Amino acid sequence: MKLTRRHAIVMALGSAAAFTMPFRAYAAVEEDIEAFTGGVEIGTGGITLVAPEIAENGNTVPIEVDAPGAEAIMILATGNPVPAVGTFTFGALAGSQSAATRIRLAGTQDVVAIARMPDGSFVQASQEVKVTIGGCGG
Amino acid sequence: MISRRDFLQASMAASAIYGASGFGEWGRLAAQQVITQDDLLGFEAFGNVSLIHITDIHAQLKPIWFREPEVNIGVGSNKGQVPHVTGADFRKLYGIDDGSATHYALTYDDFNALGQAYGRMGGMDRVATVVNSIRADRPDALLLDGGDTWHGSYTCLKTEGQDVVNVMNLLKPDAMTFHWEFTLGSDRVRDIVADLPFAALGQNIFDAEWDEPAEDFAPYKMYESGGVQVAVIGQAFPYMPIANPGWMFPEYSFGIRDKRMQDMVDEVRGMGAELVVCLSHNGFDVDKKMAERVTGIDVILSGHTHDALPEPVLVGDTIIIASGSNGKFVSRVDLDVRDGRMMGFRHKLIPIFSDVIAPDADVAAAIDAERAPHLDALTEVIGKTADDTVLYRRGNFNGSWDDLICEALIEEREADISLSPGVRWGPSIMPGQDITREDLFNVTSMTYGKAYRTEMTGEFIHTVMEDVADNLFNPDPYYQQGGDMVRVGGMGYRIDINQPIGQRISDLTLLKTGEAIDPAKSYVVAGWASVNEATEGPQIWDVVESHIKKKGTISVAPNTSVQVVGA
């Protein structure tokens with residue numbers, strides 16, 4: 001066995017553990033949320049985030065988000081060195097307010113989606129995605 | 001008015017009484033040497049639909065010894081819940097008499113003594129007899145195979161699964177789902193699936209590139225059985241590319257995908273399904289959680305975690321059936337489906353006592369024909385077990401087979417520490433029994449069996465151990481992979497299962513010196529079953545065969561190097 005990229009990712013887990021604990025403590029995440037919401041309190045419901053529980057490949061993790069009626073949806077990978085993944089904006093004529101993409105995750109962490117609704121309110125959904133070494137499923 | 005739920009529960013109670021009395025009696029009958037095939041197969045048909053479930057055969061075509069786990073710890077909401085109950089506690093829970101045939105079949109203790117009385121279990125020729133008997137009673141009973149079928153023996157490895165495919169086809173399954181099959185490589189899997197005379201199902205098998213449902217596997221199939229529209233939805237093992245080498249099947253992606261499962265249930269209901277069955281390789285705890293999150297599944301036939309339960313577990317309106325492994329058991333589930341709903345059930349976990357159930361002659365002949373070209377290699381005696389040693393694998397932390405494999409890795413590969421995967425397959429060997437090459441392949445055969453030798457720092461070893469421990473003891477079943485803890489040779493450790501990842505494993509100790517493992521120091525580690533491509537080294541079965549031949553008689557001392565806290 002040689003140490004492949006996969007192992008390098010695993011070894012990075014040690015440092016990633018520091019990110020995974022309280023994402024609120026991670027300043028960049030706070031700043032990104034503040035910039036998107038302007039400090040408005042964030043509710044739940046009305047937004048669905050679909051992500052794998054355990055990533056098959058941390059370098060390309062498929063996610064889907066759906067928030068009917070939303071004007072914009074921001075995706076954050078809270079444990080990445082740069083948490084902001086992107087913001088999808090939907091025009092008035094958009095047929096649905098959903099998006100699917102693939103994101104890279106530095107380690108096990110929460111993925112967060114926040115939607116801005118037309119009335120100025122915000123809702124969020126999050127899911128932990130585990131990035132693992134694997135290898136022993138029986 | 002009796003609600004559907006009440007009806008199910010009432011029916012459940014009846015089932016429990018039925019199971020308990022039936023099970024207790026077998027012990028007495030067997031003790032009197034009058035246990036008969038009719039006792040095992042006796043079943044008063046119920047309702048209008050019959051399901052036959054078999055799973056995790058691991059290519060065991062012939063009867064085997066298989067010791068059930070002594071340690072099977074549940075975490076979170078599953079603590080102390082079945083299937084995380086073993087030994088005397090399990091017998092007490094289900095009213096099983098000590099020393100009975102059921103004690104032998106379902107629990108671990110007194111395995112050697114009871115094995116002498118009750119004999120080997122399983123054998124696909126015996127399973128065929130059971131299936132034929134049920135079909136004689138219910139001609140359109142559905143036979144559903146939960147997967148882990150084309151893996152796990154010498155002949156299966158040499159024929160790339162063809163021996164098992166040929167034999168299973170004689171049993172005429174109606175559908176199947178998958179796990180270890182994919183370690184044959186995706187080309188081979190597609191070759192076999194293209195010729196299968198039954199449905200290959202997996203609603204969660206996706207095209208990795210486009211993240212769309214893979215066209216090679218249907219999500220479900222509709223059947224008419226007993227005048228009832230039955231939908232069978234497949235659920236393959238969700239963590240295939242993580243637990244097994246993803247490079248062997250790079251086109252496919254898996255995952256639990258319970259949102260799509262709900263979509264499929266809704267779709268088949270819309271098409272008129274009156275009974276929705278999920279043929280699952282999720283593992284038991286994942287199936288329980290899925291049953292909570294997905295509505296409208298009547299029956300989950302659960303595989304992967306190798307649990308054998310004498311009664312279904314009820315989650316909401318869903319019954320979950322666990323049918324064991326290695327051909328030891330077949331479940332028969334009769335259902336009363338009326339007015340588009342499941343109104344009740346009767347269930348029996350049928351133990352395949354190979355000395356009691358007559359082999360089906362055609363299937364027996366087919367099995368022998370598959371084995372004939374390999375018979376010399378299969379039957380060659382490599383060594384034997386001492387009178388004090390049962391070789392077994394199942395259990396969360398260690399098994400004597402794994403201790404022997406770990407010892408072989410250290411001695412043959414001159415390593416400080418050895419690692420062996422925490423898989424749940426692999427039959428047992430009784431004391432004083434010859435160990436043949438077939439026996440050895442039964443616990444080692446795989447398409448990525450090379451034994452690596454490498455250096456790892458103490459810190460990296462700790463990271464690996466933490467990672468595997470979280471796959472087993474994460475309190476959320478959706479984050480578990482369903483294997484057991486990685487087996488370790490040459491190193492002791494302490495595990496506190498209730499801690500989060502990164503904090504479970506401590507007190508790593510190099511056994512040969514008694515010193516603590518130094519995070520900064522490098523150690524020579526030998527292991528096998530790496531999921532990495534281009535792993536180099538001899539095949540594990542050659543390593544272990546060489547070791548056994550040198551020792552001659554194998555005695556494995558109890559493993560005292562793992563300290564478990566919080567169970």
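At what angle do the axes of helix α8 and helix α13 of chain B cross? This is a predicted model, and in it I read a crossing of roughly 170° between α8 (residues 162-171) and α13 (residues 361-371) of chain B, with the axes coming within 10 Å. Anything over 145 degrees counts as roughly antiparallel, so I put α8(B) and α13(B) down as roughly antiparallel to each other.

Next I looked up who meets whom. From α8(B) I noted D163(B), N166(B), V167(B) and L170(B); facing them in α13(B) are D362(B), V363(B), A366(B), I367(B) and E370(B). Sorted by class, that contact has five nonpolar, three charged and one polar residue.

On to the domains. The assignment for chain B gives domain 1 as 4-369 and domain 2 as 380-565. I get 28 Å between their C-alpha centres. Across the boundary, 43 residues of domain 1 of chain B are in contact with 33 residues of domain 2 of chain B.

Which helix gives the most to the side of domain 1 of chain B that touches domain 2 of chain B? I found α12(B), with four residues. The helices supplying at least two residues each are α5 (111-118), α7 (154-158), α10 (240-243) and α12 (284-293) of chain B. By class, I logged 20 nonpolar, 17 polar and six charged residues on that side of domain 1 of chain B.

Last, confidence. Chain B has a mean pLDDT of 93, with 94% of its residues at 70 or more. I flagged residues 1-28 of chain B, where pLDDT stays under 50; the model has 42 contacts beyond four places in sequence for them. I also wrote down ipTM 0.84 and pTM 0.91 for the model.

Definitions and conventions. Residues numbered from 1 in each chain as written. Chains lettered and ligands numbered in written order. Predicted model: local features only at pLDDT ≥ 70, side-chain atom pairs only at ≥ 80, totals over all residues. pLDDT = per-residue confidence, 0-100. Contact = placed C-beta atoms within 7 Å. Axes fitted to C-alpha atoms, helices over the stretch in contact; angles between N-to-C directions. Parallel < 35°, antiparallel > 145°, perpendicular 65-115°, else oblique. Nonpolar A, V, L, I, M, F, W, Y, C, P; charged D, E, K, R; others polar. Domains from an automatic or database assignment.
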